[in-house]
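Please look through the sequence and the model below before reading on.

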Amino acid sequence: MSEVFIAELRRLQWERIAGLMDTERMAAYAPSRDPRAIRYETQRLERLMTDVAEAERSGVAAVEIRRHRVYRIDARPTAGSCSAGIPAPTVHLMAASPDEAAERAWAMHGRDGGLYQRGGHHIASVKQVLPEPGEMF
């Protein structure tokens with residue numbers, strides 16, 4: 001996912017909320033009056049119940065929802081690399097946690113000749129970009 005696509009999804013969500021607030025004459029956004037927010041929360045709780053049931057069957061102690069998280073992984077040149085003037089790569093991917101996102105990005109792009117190795121880069125930051133913490137799209 002590109003940053004432009006992520007920004008477009010955010011814009012569409014805020015436009016939808018602004019339209020709802022105007023229609024419902026809300027002074028402040030109230031998720032309890034938003035049918036889509038209620039539906040998202042119901043779906044989130046259903047996924048959580050499914051994940052808890054799967055974890056109990058498999059004997060896993062901690063339950064982690066593994067869906068609907070997009071992370072942006074930024075890379076920086078390593079010390080002594082000759083990548084001056086080359087823009088640092090940014091990768092977007094879905095993962096359950098920041099650590100898993102970094103591991104997956106390195107597995108995909110850290111191999112010989114990969115995006116990170118070719119320019120002498122290392123992963124500098126991993127940030128959740130979709131959904132916002134506490135939101136469901």
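The conversation that follows moves from the overall layout to single residues.

This is a predicted model, in which local features need pLDDT of at least 70 and side-chain atom pairs count only at pLDDT 80 or more, while totals for chains, interfaces and linings use all residues. Residues are numbered from 1 along each chain as its sequence is written, and side-chain values use heavy atoms, with hydrogens and water left out.

Student: In what order do the elements of the protein run from the N terminus on?

Tutor: Helices (H or I, at least four residues) and strands (E, at least two) are DSSP runs, numbered from the N terminus. The protein has four helices and three strands. Read from the N terminus on, these elements follow the order α-α-β-β-α-α-β.

Student: What percentage of the residues of the protein count as buried?

Tutor: A residue is called buried under 20% relative accessible area, exposed over 50%, and partly exposed in between, with a 1.4 Å probe and protein chains only. Of the 137 residues of the protein, the share that counts as buried is 30%.

Student: How far apart are the end C-alpha atoms of helix α1?

Tutor: The expected span of a helix is 1.5 Å times one less than its number of residues. Helix α1 covers residues 3–24, so its 22 residues should span 32 Å at 1.5 Å a residue. The model agrees with this, because the end C-alpha atoms of α1 are 31 Å apart.

Student: Which elements do the buried residues of α1 pack against?

Tutor: In α1, the buried residues are Ile6, Gln13, Arg16, Ile17 and Leu20. They cover an arc of only 95 degrees around the axis, which puts them on the same side of α1; the arc is that of the directions from the helix axis to the C-beta atoms. The face turned away from that buried side carries the exposed residues Val4, Trp14, Asp22 and Thr23. With contact meaning heavy atoms within 4.5 Å, the buried residues of α1 pack against α2 (35–58), β1 (70–77), β2 (90–94) and β3 (121–130).

Student: What is the N to O distance in the salt bridge between Arg11 and Glu8?

Tutor: Side chains of opposite charge can pair when their charged atoms come close. A salt bridge here is a side-chain nitrogen of Lys or Arg within 4 Å of a carboxyl oxygen of Asp or Glu, and by this rule the count comes to five. Arg11 and Glu8 both lie in helix α1, three residues apart, about one turn of the helix. Their side chains meet with an N to O distance of 2.4 Å.

Student: Are the two partners in the salt bridge of Arg72 and Asp74 buried or exposed?

Tutor: The closest N and O atoms of Arg72 and Asp74 are 3.5 Å apart. Arg72 has a relative accessibility of 19%, and Asp74 has a relative accessible area of 13%. Arg72 therefore counts as buried, and Asp74 is likewise buried.

Student: What is the phi of Arg25, and where is Arg25 found?

Tutor: Most residues other than glycine have a negative phi. Arg25 is found in the loop between α1 and α2, and Arg25 is exposed, with a relative accessible area of 72%. Although Arg25 is not a glycine, its phi is positive, at about 55 degrees.

Student: Which residues sit on the exposed face of α3 turned away from its buried side?

Tutor: Helix α3 (residues 98–109) has twelve residues and reaches 16 Å from its first C-alpha to its last, close to the 16 Å expected. Its buried residues are Ala101, Ala105 and His109. They cover an arc of only 40 degrees around the axis, which puts them on the same side of α3. The face turned away from that side carries the exposed residues Asp99, Glu103 and Ala107.
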